[in-house]
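Subject: A structure for you to look at

Dear colleague,

Please find the structure below, together with its sequence. I would be glad if you opened it first and then read my notes beside it.

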Amino acid sequence: GLPLDAAASYEGFGRPDGRGWLEFHDGVGNMRSGERLAAIAARPDPRWMAGGTYMAFLRLRVDLRAWRALDRGAQERAVGREKLTGAPALRDGSHAQRANQSRGSSDSPAALRIYRQGYDFIATVGPDGPEVGLNFVSFQSDLQTLQHLMHLPGWLGDANFGGDAPPLISLLAGGFYAVPPRGRPFPGASLF
């Protein structure tokens, strides 16, 4: 019933062993389903966004050559988990800590809660081999939450995934989107 048509659908790479390009288990620890609406429902400012949400899409390139040059211990420190078991590695600055900044109430703006998922991709094969990476998709109550998270020193603000590791991730593309609730007429219809 929306005035848009789906042009394409992407399911992600989805290895059968549940591991991604970095050869670790995905490890996404999203909030429980009962907490999601409170974390992703847009505030009614502007009023037409009440009942909608905000979506972010980031396409991140992963430098597998630099990654594979690291020994297993350095890889585990960067990700924050043991490679074989997936058990959390309790070290400061780990990815596990970066991905779980808050355990606060989902409806509290200070909780910095987002609903997220990553999907591996493989793109064109060039002279240096295939370009691989992660499509990161998240939903949140406002865009400032995600922007704040991305600039925190303990998350991505002063690190390139793992702090002391060589640059492993680069942003290829991205966008932030307002996703209004379904309704007629859709927001902005008077402009057309």
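**What was found**

Arg-43 has a relative accessibility of 32% and therefore counts as partly exposed. Please keep in mind, here and in what follows, that this is a predicted model. Arg-43 forms a salt bridge with Asp-142, and the closest N and O atoms of the two are 2.9 Å apart. This pair links distant parts of the chain, since Arg-43 sits in the loop between H1 and S1, while Asp-142 sits in the loop between strand S3 (129–140) and helix H5 (143–151), 99 residues apart. Asp-142, for its part, has a relative accessible area of 15%, which means that it is buried, the cut-off being under 20%.

How many salt bridges does the structure hold? There are three salt bridges in the structure, and the one between Asp-142 and Arg-43 has been described above. Another is formed by Lys-83 and Glu-23, whose closest N and O atoms are 3.2 Å apart. Here too the pair links distant parts of the chain, with Glu-23 in the segment before H1 and Lys-83 in the loop between helix H3 (72–79) and helix H4 (95–98), 60 residues apart. Lys-83 is buried, at a relative accessible area of 13%, whereas Glu-23, at 30%, is partly exposed.

The salt bridge between Arg-72 and Glu-76 has its closest N and O atoms 3.0 Å apart, and both residues lie in helix H3, where four residues, or about one turn of the helix, separate them. Arg-72 is partly exposed at 44% relative accessibility, but Glu-76 is buried, with a relative accessible area of 11%.

For the protein as a whole, the secondary structure comes to six helices and four strands, which follow one another from the N terminus in the order α-β-α-α-α-β-β-α-α-β. Of the 192 residues, 33% are buried, and the protein exposes about 12000 Å², of which carbon and sulfur atoms supply 55%. Finally, if you take the contacts between residues at least 6 apart in sequence, 65% of them join residues at least 24 apart.

How values were computed
Residues numbered from 1 in each chain as written. Predicted model: local features only at pLDDT ≥ 70, side-chain atom pairs only at ≥ 80, totals over all residues. Heavy atoms only, no water. Helix = DSSP H or I, 4+ residues; strand = E, 2+ residues; numbered from the N terminus. Buried < 20%, exposed > 50% of the residue type's maximum accessible area, 1.4 Å probe, protein only. Contact = heavy atoms within 4.5 Å. Areas by Shrake-Rupley, 256 points an atom, 1.4 Å probe, with all protein chains shown as cover. Salt bridge = Lys/Arg side-chain N within 4 Å of Asp/Glu carboxyl O.
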